[in-house]
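Welcome! Please take a look at the structure shown here, and then we will walk through some of its parts together.

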Amino acid sequence: MKTLTPEQKRFLLSTIRDVPDFPKPGIIFKDITTLLNNAEAFTLLMDHLEARYKEYDLDFIAGIESRGFIFGAALASRLGIGFVPVRKKGKLPYTTVSEKYSLEYGFDEIEIHIDAFRGSGKRVLLIDDLIATGGTAEAAAKLIKKVNEELVEACFIINLKFLEGEKRLSPHTKIYSVLEIA
Ligand code: AMP
């Protein structure tokens, strides 16, 4: 189903566990392991993503480490296309392109293989489990454009709307979030 009903969205949200004060005090961590281990929820979510993206004529899905790998690889396999990991610095073995981004305190850096998309001009979808401030996704979007130019859309299972990550990411690409938390 290309569009989820409000009831289906409520069901998916009910399978995501809130873990207060993880990884540090004041953060409510959205734990998607309880969605993944619920076969009905995981299948509903993947059916929805497959129905939405099968019409996009995509060439690759790029997933952000590490929960973006789970949804991204499953979707790529369903669509019969390739999967590309966007990883934390120092994890990818071949020649990489990297991008630094700011965190609450300090900086982090992510990387992609220089030849990840087997040439340029490919139709790429970026995916992660969650967008918060948008810093990670913005850096990933910049990386994809560095090595490929085209980024069709960025997809998130959960959007923490109150952190306004969309503002940061929207100059770089279109955004789709399955579930929104106001
Ligand atoms: P940001 O760069 O602020 O948009 O943070 C997004 C990244 O951090 C994603 O890879 C998320 O998996 C993770 N993240 C940030 N906040 C949360 C949260 N409240 N619950 C779960 N994951 C989070």
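Is Phe 22 buried, partly exposed or exposed? Phe 22 is partly exposed, because its relative accessible area is 45% (buried means under 20% relative accessible area, exposed over 50%, and partly exposed in between, with a 1.4 Å probe and protein chains only).

Before going further, a word on the source: this is a predicted model, in which local features need pLDDT of at least 70 and side-chain atom pairs count only at pLDDT 80 or more, while totals for chains, interfaces and linings use all residues. Residues are numbered from 1 along each chain as its sequence is written, and side-chain values use heavy atoms, with hydrogens and water left out.

**Aromatic pairs**

Rings of Phe, Tyr and Trp (its six-membered ring) pair if their centres lie within 6.5 Å; planes under 30 degrees apart count as stacked, over 60 as edge-to-face and the rest as tilted. The count here comes to 5 aromatic pairs. Among them is the edge-to-face pair of Phe 22 and Phe 29, with 5.2 Å from centre to centre and 85° between the planes. Tyr 53 and Tyr 56 have ring centres 4.8 Å apart and planes at 65°, so this pair is edge-to-face. Both Tyr 53 and Tyr 56 are buried.

**Helix packing**

Helices are DSSP runs (H or I, at least four residues), numbered from the N terminus. Axes are lines fitted to C-alpha atoms over the stretch in contact, and angles run from 0 to 180 degrees between N-to-C directions. Here are two packed pairs:

| Helices | Angle | Axis distance |
|---|---|---|
| Helix 1 (residues 6–14) and helix 3 (residues 39–53) | about 130° | 10 Å |
| Helix 3 and helix 4 (residues 67–79) | about 55° | 10 Å |

The angle makes helix 1 oblique to helix 3 (under 35 degrees is roughly parallel, over 145 roughly antiparallel, 65 to 115 roughly perpendicular and the rest oblique). Helix 3 and helix 4 are therefore oblique to each other as well.

Contact means heavy atoms within 4.5 Å. From helix 1, Gln 8, Phe 11 and Leu 12 meet Glu 40, Ala 41, Leu 44 and Leu 45 in helix 3.

**The start of the chain**

Lys 2 is found in the segment before helix 1 and is partly exposed, with a relative accessible area of 47%. Lys 2 and His 48 are 46 residues apart in sequence, yet 5.7 Å apart in space, C-alpha to C-alpha. Not counting residues up to four places away in sequence, Lys 2 touches His 48, Ala 51, Arg 52 and Glu 55.

Notes: Helix = DSSP H or I, 4+ residues; strand = E, 2+ residues; numbered from the N terminus.
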